[in-house]
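Here are some notes on the model you sent, as numbered points. They can be read alongside the sequence and the coordinates.

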Amino acid sequence: MGSELFGKVLGIVGLGRIGKEVASRMQSFGMRTIGYDPITPPQVSASWGVEQMPLEELWPQCDYITVHTPLMPSTVGLLNDESFAKCKKGVKVVNCARGGIIDEAALLRALESGQCGGAGLDVFVEEPPKDRALVEHPNVISCPHLGASTKEAQARCGEDIALQMVDMVNGRKLIGAVNAQILVSTFTEESHQLIRLGEAVGALLQACTTSNKPLSSVQITTLGDSMKTSTSYLSSSVLVGLLKHDGCSPNLINVLSLSKEAGNQGKPEPLRGRRGV
């Protein structure tokens, strides 16, 4: 006997473009969609029918969990022994994002104990995996990292990249994360003003620097809680203004790499947000 998706709860960890598309498709089966994302504002995901909540609240509610995050230190082993212990017995998990987001050893233990009722895996820590324990488990469906492996998907990917390049040159909003500390939510009129201010501050620092040696670090202090969300792009914009001189063409995308090449620290000092009075 199988089981229906109708009426089940799907937890979506990572509410970017793919997470949004997954939510749309699974809602058509009558699933309730909840999720977690540290970047996407809750009011935005709510407009697609996804209720956001902390992971501690999400785990116990899910009948199914799917992950759609990048692989980074904060997401390695996101689903582990502790996470599985907080889930419903028999929860099913899907990883079509990156190998390692789900702790494979913990997943196998959860499958063997019945705490996890099944898994769908398109990605693994080692590809192809030499340890076949998960691949050969009767409650696991596995694929050899097939995501976007169609002619149509590859054509759309190329077209999307080209259109994003045009949008960037024309100053329009960017869709999805770019290879920089810049996100769609930062491309507001207010953030554009802060970016221009940051570049002006960096240019002023450059003009006031009499030494031929590059600055080793830059520290920026802001006042007010509202400035805390501007950390990444304001830091990068200051570096753009600081490095913009003959022979160097920095932008918000490449400035961290250029700063490292110029002898600056690869990561600028974080902005220090303080409550204003």
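Which strands does helix α5 lie across, and at what angle does it run to β6?

1. The model is predicted. Helix α5, residues 104-113, lies across β5, β6 and β7. Its direction makes about 140° with that of β6.

2. Overall content. The chain has nine helices and nine strands. Of its 277 residues, 36% count as buried. Among contacts with a separation of 6 or more, 58% are between residues 24 or more positions apart.

3. The sheet. Seven strands form an open sheet with parallel pairing, in the order β3-β2-β1-β4-β5-β6-β7. The edge positions are taken by β3 (50-52) and β7 (140-142); each has a single partner strand, so one side of each has no neighbour in the sheet. From one strand to the next, the twist averages 20°.

4. Helix α1. Residues 17-27 form α1, which packs on the sheet and touches β1 (9-13), β2 (32-36), β3 and β4. The direction of α1 makes about 170° with that of β1. I18 belongs to this helix and is partly exposed, with a relative accessible area of 46%. Although I18 and T69 are 51 residues apart along the chain, their C-alpha atoms are separated by 9.3 Å.

5. Pairing on the β1 side. Five bridges pair β1 with β2 in the parallel sense, and V9 has R32 as its bridge partner in β2. The chain passes from β1 through α1 to β2 in a β-α-β crossover that is right-handed. Next to this, β2 and β3 pair in the parallel sense over three bridges; here the bridge partner of G35 in β3 is Q52.

6. Pairing of β5 and β6. Strand β5 (residues 91-95) and strand β6 (residues 116-121) run parallel and are joined by five bridges.

7. The largest nonpolar core. This core has 29 residues, and those touching the most other members are V13, W59, I65, L79, F84, V93 and L107. At least two residues come from each of β1, α3 (55-58), β4, β5, α5 and β6. The largest share is that of α5, with four residues. For L107, the contacts beyond four places in sequence are F84, V93, I102, C116, A119, L121 and L134. A second core of 15 residues is separate, and includes L234, V238, L239 and V255.

8. T75. Is this residue buried or exposed? T75 has 9% relative accessibility, which is under the 20% limit, so T75 counts as buried. T75 sits in the loop between β4 (64-67) and α4 (81-86). A polar atom of its side chain lies 2.8 Å from the backbone oxygen of P70. Leaving aside residues up to four places away in sequence, T75 touches T69, P70, G100 and I101.

9. Backbone geometry to check. Most residues other than glycine have a negative phi, and most peptide bonds are trans.

   - The peptide bond from E127 to P128 is cis, with omega near -10°. P128 is in the loop between β6 and β7.
   - H145 is not a glycine, yet its phi is positive, at about 55°. This residue lies in the loop between β7 and α6 (151-169) and counts as partly exposed at 33% relative accessibility.
   - A148 also has a positive phi, near 65°. A148 is found in the loop between β7 and α6, and with 43% relative accessibility counts as partly exposed.

Methods. Residues numbered from 1 in each chain as written. Predicted model: local features only at pLDDT ≥ 70, side-chain atom pairs only at ≥ 80, totals over all residues. Heavy atoms only, no water. Buried < 20%, exposed > 50% of the residue type's maximum accessible area, 1.4 Å probe, protein only. Polar contact = N/O pair within 3.5 Å; in protein donor to acceptor, adjacent residues only side chain to side chain. Contact = heavy atoms within 4.5 Å. Pairing = 2+ DSSP bridges. Axes fitted to C-alpha atoms, helices over the stretch in contact; angles between N-to-C directions. Right-handed = clockwise from strand over helix to strand, strands pointing away. Core = buried A, V, L, I, M, F, W, Y, C linked by side-chain atoms within 4.5 Å.
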